[in-house]
Amino acid sequence: MRTLLLSDIHANLPALEAVLSDARGEFDTAWVLGDTIGYGADPSACIKAVRDLDAIAIAGNHEKAAVGEMTTKDFNPVAREAIEWTGETMSEDELEYVRGLALTEIVDRFTLVHGSPRDPVWEYLETAPQALENLEHFETRACAIGHSHIPFTVGLTGQNIDQVDHVPGDRTQLVGDRLYLNPGSVGQPRDRDNRASYALVDLAEWDVEFRRVEYDIARAQARIHEEGLPEFLAERLEFGQ
Ligand code: ZN
């Protein structure tokens, strides 16, 4: 059985439901890499779905901001408006769950962080130099990250860096003595592909499969309108950026 890897759900319930239905029966554990809430209109339902999965989940910047453990002054105005609404709409029980999420978890041969090992909340790990610099900030063989909303793996062996281009639906061996894996974003993809992104990892076979799933974007947009959240948050879902 495999591990379901989700990140950046961003309160997009139609996207999360589509992913869970696509992956049904193919995984027995789930890891959720932060930003389950923020931007989208269904934070409570998305938190419930993640809790129902019994997932090992960590906090992202949107969780930290929603419970007031981080200032929203560095958020852009649209993100700030959404995160303030998110904090107000969640129940005390949900806020308590979010407060209890750690910034880092270690499971099997993976370290789970939202942004990067050296700065779990803010750093977007996107370049080879960053991948190298971050190696000394985690001890496991692999590191699963989110935050950039771009799916990728990068493997490092000595000074050798392999950035692997994954075709959705293909199972590929995990490459490198150390490696990073980003499953992309379930609820707000930013690589100009508007389908929900996620990954399945086989820890025994040491392979990964990236997947993209179409979902009811119009429904997610309608929910954003219903809750009076900024229009831009609805628009961007259509373009996957
Ligand atoms: Zn995010």
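Biologist: Is His 10 buried or exposed?

Modeller: His 10 counts as buried, because its relative accessibility is 1%; buried means under 20% relative accessible area, exposed over 50%, and partly exposed in between, with a 1.4 Å probe and protein chains only. Keep in mind that this is a predicted model: local features need pLDDT of at least 70, side-chain atom pairs count only at pLDDT 80 or more, and totals for chains, interfaces and linings use all residues. Residues are numbered from 1 along each chain as its sequence is written, and side-chain values use heavy atoms, with hydrogens and water left out.

Biologist: Okay, what coordinates the zinc ion?

Modeller: Asp 8 (OD), His 10 (NE2), Asp 35 (OD) and His 149 (NE2) do, at 2.1 to 2.4 Å. Donors are N, O and S atoms within 2.8 Å of the metal (3.2 Å for Na, K and Ca), and since water is not among the atoms, sites may look incomplete.

Biologist: Where do His 10 and His 149 lie?

Modeller: His 10 is in the loop between strand E1 (2-6) and helix H1 (13-23), and His 149 is in the loop between strand E6 (142-144) and strand E7 (152-157), so the two tie together parts 139 residues apart in sequence. Helices (H or I, at least four residues) and strands (E, at least two) are DSSP runs, numbered from the N terminus.

Biologist: And His 149, buried or exposed?

Modeller: Buried, because its relative accessibility is 2%.

Biologist: New topic: which residues of H7 meet H8?

Modeller: Ile 217, Ala 220, Gln 221, Ile 224 and His 225. Contact here means heavy atoms within 4.5 Å.
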